[in-house]
Amino acid sequence: MRDLLPAAVSVAVAGTADWVGELLPEERAGLGERAVERRRRDFTAGRVCARRAMAALGLPAMPVPTAPSRAPVWPAGLIGTITHTRDYCAAAVARRSDLRAVGMDAERQRDLDPGVHRMILHPEEKDRLARLPAGVNWPIVVFSAKETVYKVWHPVVGSWLDFLDATVDLDPDAGVFTARIAPARVSAATVADPPTVVTGRFAVEDDLVRTAAVLHLP
């Protein structure tokens, strides 16, 4: 993810030891007693990576507990994001004084059934994707981009965002996506200066799709 985010963001990608690392007491409560092995490994790697990203900013190891929504709760003065998919996990952290929000997502390329396409893609998005070069599962790229958009929207605005509340354009040559938020969602926001457009970057390597974006301070 380092290649997709600005220098103000500290990024850590999970290595072998991170998947079985130690959780801090405040973090264990967010995992729960009945978590299956994959959930336990993903959760652990995410928190260990988060603390490594903090260390790269010169900060002590601070816990990242879990909100009732299951979102990470970042220490005061910090913003961050965690993503994991099969055999891949990363965390990114930045100072709140540098950026308004940071989000990222990773997905494995896979086929989506028509019902899922209708849940995540507007007809015009589907038409545009059909004209892009073959060899990439473009609906997964849009899916990932919209996950990233939600991760920068929710901490700032505090409301949910559906897949169809954003319309995404992809620029395959530049590796850039542009997401436009539905005007109704923007007008319903109760914060000052809600984001109307989120611009981020994406990369596709083998079967791994990665997307990331930041919101700059007003």
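Which residue in S3 is the bridge partner of His84? Select Cys89 and you have the answer: Cys89 is the partner of His84. Keep in mind on this tour that the model is predicted.

**Stop 1: the hairpin**

Stay with S2 and S3. Strand S2 covers 78-85, and strand S3 covers residues 88-95. The two run antiparallel, joined by eight bridges. Together they form a hairpin, with two residues between the strands. Pick Asp87 in the turn. Its phi is positive, about 60 degrees.

Now colour S3 by accessibility. Seven of its eight residues are buried, so S3 is largely enclosed by the rest of the structure.

Next, select strand S1, residues 10-13. S1 is also antiparallel to S3, and four bridges join them.

**Stop 2: the five-stranded sheet**

Move to the open sheet of five strands. Its order is S4-S8-S7-S6-S5, and the pairing is antiparallel. Pick out the edges, S4 and S5 (166-171), each of which pairs on one side only. Look along the sheet for the twist, which averages 20 degrees from one strand to the next.

Zoom in on S7 (residues 197-205) and S8 (residues 208-215). Six bridges pair them in the antiparallel sense. Select Glu205; its bridge partner is Leu208 in S8.

Then select Asp206, in the loop between S7 and S8. Asp206 is not a glycine, yet its phi is positive, about 55 degrees. Is Asp206 buried or exposed? Its relative accessibility is 76%, so Asp206 counts as exposed.

**Stop 3: helix H5 across the sheet**

Show helix H5 (138-157). H5 lies across S4, S5, S6 (176-181), S7 and S8. Against S4, the helix runs at about 155 degrees.

Now pick Lys146, which lies in H5. Is this lysine buried or exposed? Its relative accessibility is 4%, so Lys146 counts as buried. The cut-off for buried is under 20%.

Display the surroundings of Lys146. Leaving out residues up to four places away in sequence, Lys146 touches Ile120, Leu121, His122, Glu125, Phe163, Ala166 and Val168.

**Stop 4: the largest pocket**

Of the 35 residues that line the pocket, Arg70, Ala71, Pro72, Ile82 and Lys151 are the closest to its centre.

Which helices and strands each supply at least two residues of the lining? Select helix H2 (37-56), S2, S4 (101-108) and H5. Colour the lining by class, and you will find 18 nonpolar, seven polar and ten charged residues.

**Last stop: Arg70**

Finish on Arg70, one of the residues closest to the pocket centre. Arg70 sits in the loop between H2 and S2. Check its backbone: phi is positive, about 80 degrees, although Arg70 is not a glycine. Then check the accessibility. At 56% relative accessibility, Arg70 counts as exposed.

Note on methods
Residues are numbered from 1 along each chain as its sequence is written. This is a predicted model: local features need pLDDT of at least 70, side-chain atom pairs count only at pLDDT 80 or more; totals for chains, interfaces and linings use all residues. Side-chain values use heavy atoms; hydrogens and water are left out. On a 1 Å grid over the protein atoms alone, a cavity is a set of points where a 1.4 Å probe fits but cannot get out, and a pocket is an open set with protein on both sides within 12 Å along at least five of seven lines; lining residues have an atom within 4 Å of a point. Ala, Val, Leu, Ile, Met, Phe, Trp, Tyr, Cys and Pro count as nonpolar, Asp, Glu, Lys and Arg as charged, and the others, Gly among them, as polar. Two strands pair if DSSP finds at least two bridges between them. Axes are lines fitted to C-alpha atoms, for helices over the stretch in contact, and angles run from 0 to 180 degrees between N-to-C directions. Contact means heavy atoms within 4.5 Å. Buried means under 20% relative accessible area, exposed over 50%, partly exposed in between (1.4 Å probe, protein chains only).
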